[in-house]
Amino acid sequence: MADLEDDCGRGFFRVDDELRLSWIKVEPDSITPLTDRNMELHNLNAHLHTLISTAFGNSPVVGEALGLLNRKIELLSGEDDVSLNLKTVPANVSGSGLAFASNEPLTPNETLELTMLLLPVNAAVRVRASVVTCSNYRGDDWTYWIRSKFEPKQEVITEQIVQHVNLKQMHSLASRHKKR
């Protein structure tokens with residue numbers, strides 16, 4: 001694995017993944033207003049995600065079941081309509097940024113609001129990021145490879161992403177160990 005700081009200044013380990021993702025361009029300093037109810041739901045989901053990740057580490061079946069139940073509640077309550085428009089894309093995820101495949105080019109320094117469904121825990125997260133680079137994608141299904149860096153002051157959200165990366169790394173190490 002390359003030095004952590006060599007790729008767009010990432011200070012965290014990263015994993016290749018396939019994410020369900022959507023994004024929109026936003027103004028750099030715009031603020032998405034959160035009602036008290038939405039803030040409480042956001043904090044509750046962050047805490048629940050931590051507990052589900054812990055349960056997943058102890059029992060993958062229980063963790064996945066809890067994640068699916070939480071996701072089902074979100075969908076039934078209409079809290080997460082955006083997730084219905086998520087597309088599965090190749091991605092490289094870390095606690096400081098996200099690289100992902102896209103059919104639309106983006107310009108460095110554009111600000112995005114990314115919505116991701118983190119599997120297998122089934123946690124939907126929404127995070128702001130700024131585009132670092134946009135290059136050609138090597139595969140046939142996509143045109144561009146977008147590298148982005150998460151905006152500061154989103155610690156609760158980025159902690160969920162770090163937990164996702166750690167969980168993916170644990171699965172990767174476990175599968176390598178089983179092959180031996």
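Student: Let's take β4. Which of its residues point one way, which point the other way, and are they buried or exposed?
Tutor: This is a predicted model, so keep that in mind throughout. Thr111, Glu113, Thr115 and Leu117 point one way from β4. Leu112, Leu114, Met116 and Leu118 point the other way, and all of these residues are buried.

Student: Why is β4 largely enclosed?
Tutor: Eight of the eight residues of β4 are buried, so the rest of the structure largely encloses the strand.

Student: Which strands pair with β4?
Tutor: β1 pairs with β4 in the antiparallel sense, over seven bridges. β4 is also joined to β5 by eight bridges, and those two run antiparallel.

Student: Which residues stand opposite each other there?
Tutor: Trp23 stands opposite Leu114 in β4. On the β5 side, Met116 stands opposite Val125.

Student: And what lies between β4 and β5?
Tutor: They form a hairpin, with four residues between them. Asn122 in the turn has a positive phi of about 65 degrees.

Student: Back to Met116. What is it in contact with, leaving aside neighbours within four places in sequence?
Tutor: Its contacts include Leu19, Arg20 and Leu21, and also Leu98. Ala123, Ala124, Val125 and Val127 are among them too, as are Phe150 and Ile161.

Student: Which residues touch the most other members of the largest nonpolar core?
Tutor: Met116 is one of them, along with Val93, Leu98, Phe100, Leu114, Phe150 and Ile161. That core has 26 residues. The elements giving two or more residues to it are β1, β2, β3, β4, β5, β6 and α3.

Student: What about a second core?
Tutor: There is a separate one of five residues, including Phe56, Val121, Ala123 and Leu167.

Student: New topic. How many helices and strands are in the chain?
Tutor: Three helices and six strands. Along the sequence the pattern reads β-α-α-β-β-β-β-β-α.

Student: How much of the chain is buried?
Tutor: Buried residues make up 39% of its 180 residues. The accessible surface comes to about 10700 Å², and 55% of that belongs to carbon and sulfur atoms.

Student: Last one. What share of the contacts with a separation of 6 or more is between residues 24 or more positions apart?
Tutor: Such pairs account for 67% of those contacts.

Technical notes. Residues numbered from 1 in each chain as written. Predicted model: local features only at pLDDT ≥ 70, side-chain atom pairs only at ≥ 80, totals over all residues. Heavy atoms only, no water. Core = buried A, V, L, I, M, F, W, Y, C linked by side-chain atoms within 4.5 Å. Buried < 20%, exposed > 50% of the residue type's maximum accessible area, 1.4 Å probe, protein only. Contact = heavy atoms within 4.5 Å. Pairing = 2+ DSSP bridges. Areas by Shrake-Rupley, 256 points an atom, 1.4 Å probe, with all protein chains shown as cover.
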